[in-house]
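Reader: I have some questions about how the descriptions of this model were reached. Please show me the structure before we start.

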Amino acid sequence: MAAKRAVPNDKDLNDLFHDTLKDIYFAEKQILKALPKMAKAAQSADLSAAFKKHHGETEGQVDRLEQVFKLIDKPAKAKTCDAIMGILDEGKEIMDEYKGTEALDAGLLAAAQAVEHYEMSRYGTLKAWAIQLGMNEAVKLLDETLQQERKTDKDLTALAEGAVNSEALAA
């Protein structure tokens, strides 16, 4: 095993876990702001309902993240996440550029799935690190959210394949 290099401000997996936790906490707070706008913009009642449902789930996800912060004895604090801001900006752009068109809902679905995939990546990583760090309670909380995000992604795919994409094409 290679010797660990001494560097100023030496950080470890615990620090990386905490930084990533702050990142996804910021992301979830931004998503909470975006979902009502997306629900309002959606033309499909089913898509609007899906966004509203996920808003309620996201509130629970924020609560679970706050529990994880408590488990690691750190304050629940957000760290600006440029990645989620970019994804959400793309969603706003779609709402503006495609407002009133048949393609709007397909674009909203694509934007929502980009968010879901980002979240699944973050929660999967955090769960893996929590396992390595022996944080069993955090593993359970993170896995609960990861499973919820996977289900939301699957539900959005079903909506897209069921009607939304074909309605956009038919226009």
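Reader: How do the residues of the lining of the largest pocket divide into nonpolar, polar and charged?

Author: This is a predicted model. In the lining of its largest pocket, ten residues are nonpolar, two are polar and four are charged. The lining has 16 residues, and those nearest the centre of the pocket are Ala50, Phe51, His54, Thr152 and Leu156. The space in this pocket is about 170 Å³.

Reader: Which elements give two or more residues to the lining of the largest pocket?

Author: They are helix H1 (13-41), H2, H4 and helix H5 (136-170). H2 supplies five residues, the largest share of the lining.

Reader: Why is H2 called roughly parallel to H4?

Author: The axes of helix H2 (residues 45-71) and helix H4 (residues 104-132) cross at roughly 20 degrees and come within 13 Å. Angles under 35 degrees count as roughly parallel, so H2 is roughly parallel to H4. The crossing in which H2 passes H4 is left-handed.

Reader: What makes H2 and H4 meet, residue by residue?

Author: Contact means heavy atoms within 4.5 Å. On the H2 side, the residues that meet H4 are Leu47, Phe51, His54, Gln61 and Leu65. On the H4 side, they are Asp105, Leu108, Leu109, Ala112, Glu116, Glu119 and Tyr123. By class, this contact of H2 with H4 has seven nonpolar, two polar and three charged residues.

Reader: How do you know that Phe51 and His54 belong to both descriptions?

Author: Phe51 and His54 in H2 are among the residues that meet H4, and both are also among the lining residues nearest the centre of the largest pocket.

Note on methods:
Residues are numbered from 1 along each chain as its sequence is written. This is a predicted model: local features need pLDDT of at least 70, side-chain atom pairs count only at pLDDT 80 or more; totals for chains, interfaces and linings use all residues. Side-chain values use heavy atoms; hydrogens and water are left out. Axes are lines fitted to C-alpha atoms, for helices over the stretch in contact, and angles run from 0 to 180 degrees between N-to-C directions. Helices (H or I, at least four residues) and strands (E, at least two) are DSSP runs, numbered from the N terminus. Angles under 35 degrees count as roughly parallel, over 145 as roughly antiparallel, 65 to 115 as roughly perpendicular and the rest as oblique. A crossing is left-handed if the near helix is turned anticlockwise from the far one by less than a right angle, and right-handed if clockwise. Ala, Val, Leu, Ile, Met, Phe, Trp, Tyr, Cys and Pro count as nonpolar, Asp, Glu, Lys and Arg as charged, and the others, Gly among them, as polar. On a 1 Å grid over the protein atoms alone, a cavity is a set of points where a 1.4 Å probe fits but cannot get out, and a pocket is an open set with protein on both sides within 12 Å along at least five of seven lines; lining residues have an atom within 4 Å of a point. Grid points are joined across faces, edges and corners, and a volume is the space filled by probe spheres set on the points.
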